[in-house]
Amino acid sequence: MPEEPDIELSFRGGRLVSALPIALFIAWAIFQSGILGIGDTTGLVAGMLTGLIAGLLFVRGDWKDYADVIFAGMTRRVAATAVVAWLWAGMFAETIQVGGFVDGLVWAATVLNVGPGLFPAVTFLLAALLATGIGTGYGTAIAFTSLVFPAGLLLGANPVLLFGAILSGAVFGDNLAPVSDTTIVSAVTQDADIGGVVASRVKYAVVAAALAIAAYLVAGFGIPGVWGGMPHIDVAGEVSASVSPWGLVHLLDIALVIVLAVRGRHIIEAVSWGLLLAAAFNVALGAANLVDVSAGSMLLFSAPQNGLTQAVEALPLLGAVVETVPAGQVGVGGSVYSGAAGFFPLIVLTLLLVAGAEIMRAGGGFDAIQELVIDRVATTVRRAETTMVVGTALVNATVTINTAAEIAIAPYIATLGKRFNINGYRRANILDANTSALGYIFPWGGGLLAGYGAMQGLVGGEATPWFTAEMLVNPASVFPYVFHGWFLVAVFLFAAWTGYGREYVSDRTSEEVSRV
């Protein structure tokens, strides 16, 4: 469980004013990305900074306490977890990509005759499989947007629909994976065992996934694919004709990560082994002239020309990652560098968002909402479960990192559920399903932004020179197409209203569920 800071804040205007920093950020995000169509993550950082400064003006007492709460939020473990996942997943995805994995996918889709209409449904299934294996929807959104998204475009799939399919797969894994941080948080905060929680939520996830597959099939064949005039249209045929299957060897890297993660290895360890294997494959493929890749594709020091650097460049092994260039072109490059560096703006935004949530907690904003709902709305078990669903939706609308939102709303779900004797598994499932889904639906959601950040990394990338800024999918346009997320929310609204799957504390024990 995360440590709770001792500092409490008081705001002029009451406890709800503590939500001002996040409220201003949401307004900023809607204006910037929704109205103006500017998908600049650094611009969102400026919006969150502005919100935090505005909140400072309403604090009663010492402003130092407000600053200390910001630091307490930014150092929470949930923020560090997201940052680490992005860095490792970014390096892994970029290294696989320079190794020709996208070419391999295009080749396989061509051979198997997976056209643009079928590709979104297949992408959803593969993303769901990966996310369930590695337990991180953010990592899946990043990896699939980096690897599979460009392959789908080359096949002519609709970009917005394809991005929605990737996010849907991330939702599925975040909700169902036993090693997912949201699964763990939902079980622990509702006094339930993880195995029992996962077993009891399968029936909801499968129903939503079946509906999502049908929706992607209908939309895939019903919505026009890549629109005319996109720059890569001119090169798609040429690229498709030149691809080779050798990049598919990186399926072994992905399989290794999944197997290690499912066997309980830490996500850093699992991805690190996958990264090492991917690097070894790249060196071998490059040495055999099967793929245009080398050690320098993964790490390259571009040093100024002088006697020392030219001597290093001539060395065996070390010289493979060093090149001498004119003074104005020095720097570090390669997939390891660019895979991590591409997420720096998103990492800063994440830390600030968690800080904003901490301000709201310390200022009593969450408590005020809980008290209002518990005392005036949730007066029957049906209304209680409905307010759980709606309450998690509201919190996810304000706290864009889904795990942070889950931690914030968990005490409310536990208090309300226990009042009506609702089983811990049921409470955990309501909590996690909506948190997992909505974190990838709202345009300012962390999961969606993670995928969008990876998409920005495609612009001018070594493996996707044809991808331009005009081909970026606006985050505000994708939310209708995250089908699995919407169906998951709908399933739980239906369950809350009809009582489908409802269990009470005395219905069965955790040991019985674990055996399922």
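User: Which residues does threonine 435 touch, not counting residues up to four places away in sequence?

Analyst: In this predicted model, threonine 435 touches Asn396, Asn402 and Glu406 once residues up to four places away in sequence are set aside. Threonine 435 itself lies in helix α21.

User: Why is threonine 435 called buried?

Analyst: The term buried is used for a relative accessible area under 20%. Threonine 435 has a relative accessibility of 0%, and therefore it counts as buried.

User: What makes histidine 250 count as buried?

Analyst: Histidine 250 also has a value to set against the cut-off of 20%. Its relative accessibility is 0%, so histidine 250 counts as buried. This residue is found in the loop between α11 (233-242) and α12 (251-262).

User: Which residues is histidine 250 in contact with, leaving aside its neighbours within four places in sequence?

Analyst: Histidine 250 is in contact with Ile96, Gly99, Phe101, Ala278, Phe281, Asn282 and Leu285. Histidine 250 and glycine 100 are 150 residues apart in sequence, while their C-alpha atoms are 8.6 Å apart in space.

User: How many helices and strands does the protein have, and what share of its residues is buried?

Analyst: The protein has 25 helices and three strands. Of its 516 residues, 56% are buried. Among contacts with a separation of 6 or more, 79% are accounted for by residues 24 or more positions apart. The accessible surface comes to about 20,700 Å², and 68% of that surface belongs to carbon and sulfur atoms.

User: Why is α21 called roughly antiparallel to α24?

Analyst: The two helices pack at an angle of about 150°, with their axes 8 Å apart. Angles over 145 degrees count as roughly antiparallel, so α21 is roughly antiparallel to α24. The crossing in which α21 passes α24 is left-handed.

User: Which residues make the contact of α21 and α24?

Analyst: On the side of α21, the contact is made by Arg426, Asn429, Ile430, Ala433, Asn434, Ala437 and Leu438. On the side of α24, it is made by Gly485, Leu488, Val489, Phe492, Ala495 and Ala496. By class, the residues of this contact divide into nine nonpolar, three polar and one charged.

User: Which residues of α10 and α24 meet?

Analyst: From α10, the residues are Tyr204, Ala205, Val207, Ala208, Ala209, Leu211, Ala212, Ala215, Tyr216 and Ala219. From α24, they are Phe483, His484, Phe487, Leu488, Val491, Phe492 and Ala495. The contact of α10 with α24 has 16 nonpolar residues, one polar residue and no charged residues.

User: How do you know that α9 is roughly antiparallel to α21?

Analyst: The axes of helix α9 (residues 181-189) and α21 cross at roughly 150° and come within 9 Å. The cut-off for roughly antiparallel is an angle over 145 degrees, and therefore α9 is roughly antiparallel to α21. Helix α9 passes α21 in a right-handed crossing. The contact is made by Thr182, Thr183, Ser186, Ala187 and Thr189 of α9 and by Ala428, Leu431, Asp432 and Ser436 of α21. This contact of α9 with α21 has three nonpolar, five polar and one charged residues.

User: Why does leucine 317 count as exposed?

Analyst: Exposed means a relative accessible area over 50%. Leucine 317 reaches 79% relative accessibility, so it counts as exposed. It is placed in the loop between α15 (307-313) and β2 (322-325).

User: What is the phi of leucine 317?

Analyst: Leucine 317 has a positive phi of about 65°, although it is not a glycine. Most residues other than glycine have a negative phi.

Definitions and conventions:
Residues numbered from 1 in each chain as written. Predicted model: local features only at pLDDT ≥ 70, side-chain atom pairs only at ≥ 80, totals over all residues. Heavy atoms only, no water. Contact = heavy atoms within 4.5 Å. Helix = DSSP H or I, 4+ residues; strand = E, 2+ residues; numbered from the N terminus. Nonpolar A, V, L, I, M, F, W, Y, C, P; charged D, E, K, R; others polar. Buried < 20%, exposed > 50% of the residue type's maximum accessible area, 1.4 Å probe, protein only. Areas by Shrake-Rupley, 256 points an atom, 1.4 Å probe, with all protein chains shown as cover. Axes fitted to C-alpha atoms, helices over the stretch in contact; angles between N-to-C directions. Parallel < 35°, antiparallel > 145°, perpendicular 65-115°, else oblique. Left-handed = near helix turned anticlockwise from the far one by under 90°.
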